[in-house]
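Let us walk through this structure step by step. Keep the sequence and the 3D view side by side as you read.

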Amino acid sequence: MATPTNKPAEWHSPHSGDGRRTLSPRPRVADFLAGLTGVGFGAVTALTFESESSAGLHSAGGWALAATRLSGFWGTYLLLIMVLLMVRLPWLERTVGQDQLVRWHRKVAPWATSLTSLHVLISILAYAQMLHNPVWSEAWTFVLHYPDMLAAYVGWILLLVAAFSSIRIARRKMRYETWWVVHLYTYLGLGLSFMHQIRVGVMFIGHPLTTQIWVWTWIGAGIVTLLWRIALPIVRNLQFGLRVADITEVAPGVRSITVSGRHLDRLAVNGGQFFQWRFLARNLWWHSHPYSLSALPRPPFLRVTVKGLGDQSTALANLRVGTRVFVEGPYGAFTRHRMTRERVVLIGAGVGITPLRALLEDLPENRPVSVIVRARNHDDVVHGDEMKALVEARHGVYHELIGRRDEVALDGTSLNTLAEGLSESDVFVCGPEGFTESVMASLQEVGVPHDRIHFESFTF
Amino acid sequence: MKRTPFVVIGTAVGLAAVLGFRSTPIPLHLNFSTATTGVTGSTGSTSSSSTGVSTGLGSGTATSPSSVSGSTKASLGSSTPATLTAFRSATTSTESVRATTTKKKPVAAKKPVAAKKPVAAKKPVAAKKPPTVKKPVKASPSGATKILVGPGVNYYYGVVSIKVTVAHKKISAVAIGHITEDGNGRSAYIDSVALPILQKAFVKLSSSQQHSMAVKGNNPLLNLVAVSGATYTSAGFDVSLQNALFTLKQQGLF
């Protein structure tokens, strides 16, 4: 094997950081893209309004047809935005953060789904009204007489299935893989519904320029998706050729996985960012997980620290040294670039300590830092000794809170006591959902403004 | 959210840009080449056959279709609005030809003769070509009554020309002079419903003394009468009819 497999011993020592490539956020890009989203929405709305005439509106079914055009165009545009939010655009990923992008995606989803559904239903009603046909026969006529319409119906159904599978209740009962495959079909659904838009849509017929713009917008979205979601990771992984180099249990049920690869010095990553990890072993290769790096890279090595849950823990236990690894990333905006103040406070619990461990290493020198970690037992503190060493090297303050949640509460008063100058600090919080929520509440109680509390949620 | 203002401002910009850029007249490309004129000369095969598909669709007042099937060709010349560009003329005559022989149900007169391409994807092939128009003028014996068939207008789902009858400078009847469909049975059906509505709407409009609108200026008004869901059929109807009225106005008959 070309890549070295010996375990590096220097995870404990602070990283020199010399010559390492870093990634800074691009807030202007995000602003521009937000503006562009608005421009598209305005244009779509204007195009729809322009294709109406007062004579047309006042004819039979006129208002219903106007409604169906607007809902269809709006719904499709929002679907486009949903696709683009998930494109893994690097600048957006490290500026906004994937958790926020996913949150927006989920916020837009109900609108997109209901608007497209309204479009389907109203169009049937409108044509039935206009042509004085019974509704059911009209629905059937649509399928039979417009070749593109049958495809559009199928596309809509694929979209609905994905939408229902993403409702929280259904999502919990479903295996991740099933949900993922169903979601993959939405791309097919979007493709199937495309032709009817430009061949029946009033705003496109006879408007070659509008049609060209719309067609190229979608082709562009497709290209961008292929580039960043598929091509870039493949190229990167061919370059890196990652393999598992070492697996160590660092706390009960928690393992550090060290991988080694080529050219990792070229990898630009910030402490606190994560990759999607895919271990190419039997039972594991078809499932990817978001794991944060638990230390800055030390080429040729990368390290993640993972708490296996359910099926995965047993599978990960069987993971062998030498297994190939496929990563996508780095993603996430939980980095030092979020900082706006001099002082930094890191608060973590459970396996959520791992990104804080990498973030701590990545913080600029001479920053006053306080670290608070919480665990049931001392042994459960993931990388506690490394954290302690790093904090000491920076002359910071390190607190381990050991005990059950009700015994050692992290309320506002205790936070204030533990972290000096808390209200004038940037606070990074990472841990289980309940922990993060309670800490955030305590922080707000103490008066830390919202834009200085930084967190990342992994519960997608 | 922090970036909401960007989205909002962007929306305003998008709205303003499109409304400004696509202000009236709507750049709807309509074609004056009918299936019978064979403007490009590329296909002569359908030009003779399509003369027989003139219909009296949905019209009680129309004279027999055969009376308008003459192949007289004339140029409308300067009276043709310059904003209307010839569009899709090369392909027009290769489209399949359909005739509507009954009031409600379109029946295919012919099978599609050529492979059909997506309508919207077609580019204007012969912009600025001086439009040619079929203008069979049939003066009735009385002299005061005149029947004129307007130019065939390509409305993206086919070509339609409207026949108008004027008597004593008033519209007495509006009928379909000629219609060819693109071979999409669905749009033929929509047309068969929409066209009688348009006819009635226009007769109503002309009786309410608003018909002067139809010949105001030199450009036909799109959506003078319209049926939603048949937007382009309506536009084709309007343009053909108004062009016929322009000609009649020049002749002092309207």
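A residue counts as buried when its relative accessible area is under 20%, as exposed when that area is over 50%, and as partly exposed in between. By that rule A:Phe73 is buried. A:Phe204 is buried too. The model is predicted.

Begin with the overall layout of chain A. The chain is divided into domain 1 (27–230), domain 2 (241–331) and domain 3 (336–454). The centres of domain 1 of chain A and domain 3 of chain A, taken over C-alpha atoms, are separated by 43 Å.

Now turn to helix α3 of chain A, which covers residues 62–85. α3(A) has 24 residues. From its first C-alpha to its last it reaches 35 Å, close to the 34 Å expected at 1.5 Å a residue. Is α3(A) largely enclosed or left open? Of its 24 residues, 20 are buried, so α3(A) is largely enclosed by the rest of the structure.

Next come the aromatic rings. How many aromatic pairs does the structure hold? Over all chains there are 12. One of them joins A:Phe41 and A:Trp74. A:Phe41 lies in helix α1 (residues 27–50) of chain A, while A:Trp74 lies in helix α3 of chain A, so the pair ties together parts that are 33 residues apart in sequence. A:Phe41 is partly exposed, with a relative accessible area of 27%. A:Trp74 is partly exposed as well, at 24%.

Go back to A:Phe73, which pairs with A:Phe204. The ring centres of A:Phe73 and A:Phe204 lie 5.5 Å apart with the planes at 75°, so this pair is edge-to-face. It links distant parts of the chain. A:Phe73 sits in helix α3 of chain A, and A:Phe204 sits in the loop between α9 (176–200) and α10 (208–240) of chain A. The two residues are 131 residues apart. Both belong to one aromatic cluster, formed by A:Phe73, A:Phe194, A:Phe204, A:Trp214 and A:Trp218.

Rings also meet arginines in chain A. A:Arg171 lies over the face of A:Trp179, at 4.3 Å from the ring centre. A:Arg88 lies over the face of A:Tyr331, at 5.7 Å from the ring centre.

In β6(A), 6 of the 7 residues are buried, so the strand is largely enclosed by the rest of the structure.

Strand β3 itself spans residues 274–279 of chain A. It is mostly covered, with 6 of its 6 residues buried. β3(A) has another antiparallel partner in strand β4 (residues 289–292) of chain A, to which 4 bridges join it. There A:Gln276 stands opposite A:Pro290.

Further along chain A is an open sheet. Its 5 strands follow the order β9-β8-β7-β10-β11, with parallel pairing. β9 (397–402) and β11 (453–455) of chain A stand at the edges, each with a single partner strand, so one side of each is left without a neighbour in the sheet. Neighbouring strands of this sheet are turned by 15° against each other on average, direction ignored. Strand β10 (residues 425–430) of chain A is joined to β11(A) by 3 bridges. A:Val429 stands opposite A:Phe455 in β11(A).

Finish in chain B, at helix α5 (residues 231–250). This helix has 20 residues and reaches 29 Å from its first C-alpha to its last, close to the 28 Å expected at 1.5 Å a residue. In α5(B), 18 of the 20 residues are buried, so the helix is largely enclosed by the rest of the structure. Just after α5(B), B:Gly252 takes a positive phi of about 75°.

Notes
Residues numbered from 1 in each chain as written. Chains lettered and ligands numbered in written order. Predicted model: local features only at pLDDT ≥ 70, side-chain atom pairs only at ≥ 80, totals over all residues. Heavy atoms only, no water. Phe/Tyr/Trp six-rings, centres within 6.5 Å; stacked < 30°, edge-to-face > 60°. Buried < 20%, exposed > 50% of the residue type's maximum accessible area, 1.4 Å probe, protein only. Lys NZ or Arg CZ within 6 Å of the ring centre and 35° of its normal. Domains from an automatic or database assignment. Expected span 1.5 Å × (residues − 1). Pairing = 2+ DSSP bridges. Axes fitted to C-alpha atoms, helices over the stretch in contact; angles between N-to-C directions.
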